[in-house]
Amino acid sequence: MRPLFKLLTATAVALGFSATAWAQDALEVSEIRYQGSVGTVVWIELADHLGYLAPLKPKWVGNTISGPQDVQAVVTNDIDIGGAFNGALVKLIAKRAPVKAVIGYYGVDDNTWSGYYVKNDSPIKTARDLLGKKVAMNTLGAHHDFIVREYLERNKVTDEEAKQVTFVITPPVTGEQALRQNQVEVTTLGGILRDKALERGGIRPLFTDRDLFGNFTAGSYVLRTKFIEQNPKASKHLVSAIARAIEWARVTPALQVRSTFEGIIKARGRAESADAIQYWKSTGVPSTGGLVLDKDLQVWIDWLVKEQIVKAGQIKPTDLYTNAFNPYANGAKVAAK
């Protein structure tokens with residue numbers, strides 16, 4: 001067999017194939033199913049556009065409505081990769097959801113964060129002023145829910161008192177309207193929705209997630225554990241491609257990233273607007289190539305222990321994630337371009 005292998009290798013080199021291309025041919029699957037997002041570009045789409053994903057092909061199966069829904073679609077094998085807020089992932093995996101976090105995909109950095117806004121003339125100045133008030137957010141049990149609860153606790157609002165704060169599920173695109181029409185007293189705003197609302201004026205931030213936690217990775221992509229077991233080469237190639245795409249966006253001037261995103265949205269032909277892309281500022285991923293760090297998950301484990309959702313010692317960060325597929329692990333230097 002060894003002479004035959006040498007012959008095949010020599011033939012591949014003679015035909016111009018690289019060692020990387022040779023390895024890629026051995027991937028266990030040819031396509032990766034995923035859910036997208038209206039008016040924006042998800043990392044697998046950028047990885048495909050930049051040529052990092054080949055020979056894998058992305059298969060769009062629709063758009064997600066939330067992180068928990070995206071991960072549930074992974075669990076039910078409707079898609080292969082999906083992502084959610086790390087706190088939600090801790091709860092799901094603690095309940096034995098057969099998934100593992102493999103790369104961080106969104107979070108908070110110097111330019112990307114979410115704020116909790118009130119009207120300029122609102123009497124709400126402190127956490128205690130939220131008692132008896134309504135706070136708008138996109139979903140319960142996820143990022144924005146946890147941030148508000150953390151804000152209340154840090155400001156000495158007891159659990160019993162916190163029950164007086166009502167969380168109102170509101171689509172992000174109508175959050176500003178709900179605030180201005182006095183349907184809620186506080187609304188959650190980030191990205192383009194925040195920037196446009198601030199341009200219109202009349203609102204001010206009560207606090208932000210960055211105020212509480214600084215820069216941090218807030219959500220991770222997961223793969224099914226069975227998918228990883230059955231497709232280790234494809235898993236590594238997929239995560240590597242996404243990591244390189246994230247790093248490309250981290251180090252590339254924002255104007256160039258926005259132009260690239262606009263081109264991708266236009267080319268995919270989903271009858272959607274790319275207007276929001278002009279407000280894109282950064283990836284929101286503070287770690288190199290989306291590396292997952294223990295602290296990204298430990299903070300939510302501690303919270304869930306405190307809430308008696310999981311038991312102390314029941315779960316640790318390394319139970320939840322792996323950086324084994326990320327080319328930037330252990331300080332490795334990988335070209336993003």
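(Helices here are DSSP runs of H or I with at least four residues, strands are runs of E with at least two, and both are numbered from the N terminus.) The model is a predicted one, so local features need pLDDT of at least 70 and side-chain atom pairs count only at pLDDT 80 or more, while totals for chains, interfaces and linings use all residues. Residues are numbered from 1 along each chain as its sequence is written, and side-chain values use heavy atoms, with hydrogens and water left out.

Helix α6 itself has twelve residues and spans 17 Å from first C-alpha to last, close to the expected 16 Å (1.5 Å times one less than the number of residues). Nine of those twelve are buried, so α6 is largely enclosed by the rest of the structure. Buried means under 20% relative accessible area, with exposed over 50% and partly exposed in between, using a 1.4 Å probe and protein chains only. Among the buried residues of α6 are His143, Asp145, Phe146 and Leu152.

Next, the sheet. Five strands make up an open, mixed sheet, in the order β7-β6-β8-β5-β9 (two strands pair if DSSP finds at least two bridges between them). β7 (166-169) and β9 (203-208) sit at the edges with a single partner strand each, so one side of each has no neighbour in the sheet. From one strand to the next, the twist averages 35 degrees. β5 (residues 114-119) pairs with β9 in the antiparallel sense over five bridges, and arginine 204 in β9 is the bridge partner of valine 118.

Helix α6 lies across β5, β6, β7, β8 and β9, at about 65 degrees to β5. Helix α9 (residues 191-200) lies across β5, β8 and β9, at about 115 degrees to β8. Axes are lines fitted to C-alpha atoms, for helices over the stretch in contact, and angles run from 0 to 180 degrees between N-to-C directions.

What about the inside? The largest nonpolar core has 51 residues, and Val148, Leu152 and Trp300 are among those with the most contacts inside it. Such a core is a set of buried Ala, Val, Leu, Ile, Met, Phe, Trp, Tyr and Cys residues joined through side-chain atoms within 4.5 Å. Apart from it lies another core of 40 residues, including Val41 and Phe325.

Finally, the axes of α5 (residues 86-94) and α14 (residues 294-306) come within 9 Å and cross at roughly 65 degrees. Residues in contact (heavy atoms within 4.5 Å) include Val90 of α5 and Trp300 of α14.
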